[in-house]
Amino acid sequence: PKMFQLYVHKDKELNRSMVERCKAAKFDALTLTVDTIVGGNRERCLRSGFTSPPKITPTSFWSYAAKPAWGLNYMFRDRFELSNLKDHVSEGTSVPNSVADYFTNMLDQSLDWAMAEEIAKDWGGEFCLKGIMSVADAKRAVDIGATAIMVSNHGGRQLDGSRAPFDQLAEICDAVGDKLDVICDGGITRGSHVLKALSVGAKACSGGRLYLYALAAAGQGGVERILSLLQAEIERDMKLMGVTAVDQLNRENLRFR
Ligand SMILES: Cc1cc2nc3c(=O)[nH]c(=O)nc-3n(C[C@H](O)[C@H](O)[C@H](O)COP(=O)(O)O)c2cc1C
């Protein structure tokens with residue numbers, strides 16, 4: 001299944017065009033990320049001067065020089081662009097932007113429940129809210145017609161001090177698990193992490209660094225390798241647990257401290 005992740009930009013035309021393109025390309029689900037109307041204060045990015053596309057600074061120059069294959073590949077392959085944005089805003093192409101600046105300048109900070117409901121209606125299909133961390137918000141997601149939620153704190157990259165999604169999972173599954181699909185997002189790097197989340201009551205897991213590190217290190221082959229390792233771990237651990245189907249996973253497998 002194909003799922004598109006949408007940010008609500010200030011540019012309403014851009015929002016509309018992305019949803020229309022998803023319909024035309026027959027995407028199965030639309031996910032609206034709701035935890036990112038402003039960029040978190042990512043101190044590591046500030047220290048390293050990270051922007052996208054990269055800006056050459058004295059530190060980044062030495063970093064690229066130490067990895068010549070990466071640097072040459074970057075310079076001579078197709079130009080960096082954010083394909084969905086390039087026809088709408090200059091930030092989609094060549095303007096180096098920190099992630100925090102992108103969120104703060106481009107995204108619509110007036111995003112609210114009414115807007116989310118309108119997007120769900122416009123879309124008309126499977127609709128997921130990404131970034132839900134409380135029972136109250138999970139219930140509200142049901143009310144506006146969401147068919148799934150991602151329990152997520154954006155990989156801990158937004159609100160400093162927020163709890164881990166896994167720690168919020170049980171109460172959210174108990175409240176809404178029979179009304180929509182609950183996806184546990186964040187901190188998943190091993191098959192056993194997936195099995196723990198499914199045991200609590202999640203329908204699925206998702207992640208970012210899980211595949212992005214593999215992508216950065218080894219491209220498509222890296223992602224295929226990490227996914228095959230994850231699958232092998234899930235299957236091996238299920239055998240070790242004496243479980244033959246994921247619907248046999250339940251909280252009896254876990255002890256909470
Ligand atoms: C480099 C990077 C880029 C990301 N970009 C997006 C994005 O465009 N939209 C989004 O909803 N989440 C984005 N995320 C957050 C992930 O979707 C996911 O919520 C988070 O990474 C989960 O934590 P994990 O990295 O521990 O798996 C990004 C994460 C990383 C690391």
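Student: What does the side chain of S60 reach?
Tutor: The S60 side chain reaches the backbone nitrogen of T57, at 2.7 Å. A polar contact here is a pair of N or O atoms within 3.5 Å; within protein, one must be able to donate a hydrogen and the other to accept it, and residues adjacent in sequence count only if both atoms are side-chain atoms.

Student: What kind of model is this, and how are residues numbered?
Tutor: This is a predicted model, in which local features need pLDDT of at least 70 and side-chain atom pairs count only at pLDDT 80 or more, while totals for chains, interfaces and linings use all residues. Residues are numbered from 1 along each chain as its sequence is written, and side-chain values use heavy atoms, with hydrogens and water left out.

Student: Where is S60, and is it buried or exposed?
Tutor: S60 is in helix α3. Helices (H or I, at least four residues) and strands (E, at least two) are DSSP runs, numbered from the N terminus. S60 is buried, at 10% relative accessible area. Buried means under 20% relative accessible area, exposed over 50%, and partly exposed in between, with a 1.4 Å probe and protein chains only.

Student: Which residues form the nonpolar surface patch?
Tutor: I56, F61 and W62 form it, with about 400 Å² of accessible area together. Patches are made of residues with over 30% relative accessible area and no salt bridge; like charges are joined within 9 Å, and nonpolar side chains (Val, Leu, Ile, Met, Phe, Trp, Tyr) within 5 Å. Accessible areas come from the Shrake-Rupley method with a 1.4 Å probe, and for residues only the protein chains shown count as cover.

Student: Where does I56 sit?
Tutor: I56 is in the loop between α2 (43–48) and α3 (58–65). I56 is exposed, with a relative accessible area of 59%. The loop between α2 and α3 also holds P53, and a cis peptide bond joins S52 to P53, with omega about -5°.

Student: Switching to the ligand. Which residues come nearest?
Tutor: Q5, T33, D185, G187 and R209 come nearest, out of 15 residues around the ligand. A residue is near a molecule or strand if one of its heavy atoms lies within 4 Å of it.

Student: What are the polar distances for T33, G187 and R209?
Tutor: A polar side-chain atom of T33 is 2.7 Å from a ligand oxygen. For G187, a polar backbone atom lies 2.8 Å from an oxygen of the ligand. An N or O atom in the R209 side chain is 2.7 Å from a ligand oxygen. The ligand taken alone exposes 600 Å², and the protein buries 75% of that.

Student: Which parts does the D174 and R251 pair tie together?
Tutor: D174 lies in helix α8 and R251 in the segment after α10 (209–241), so the pair links parts 77 residues apart in sequence. D174 is exposed at 53% relative accessibility, and R251 is partly exposed at 30%.

Student: What about R190?
Tutor: R190 forms a salt bridge with E233, the closest N and O atoms being 3.5 Å apart. R190 is in the loop between β5 and α9 and E233 in helix α10, so this pair ties together parts 43 residues apart in sequence. R190 is partly exposed, at 47%, whereas E233 is buried, at 17%.

Student: What is the phi of H154?
Tutor: Phi of H154 is near 60°, a positive value in a residue other than glycine. H154 is in the loop between β4 (148–152) and α8, and counts as buried at 12% relative accessibility.

How values were computed. Salt bridge = Lys/Arg side-chain N within 4 Å of Asp/Glu carboxyl O.
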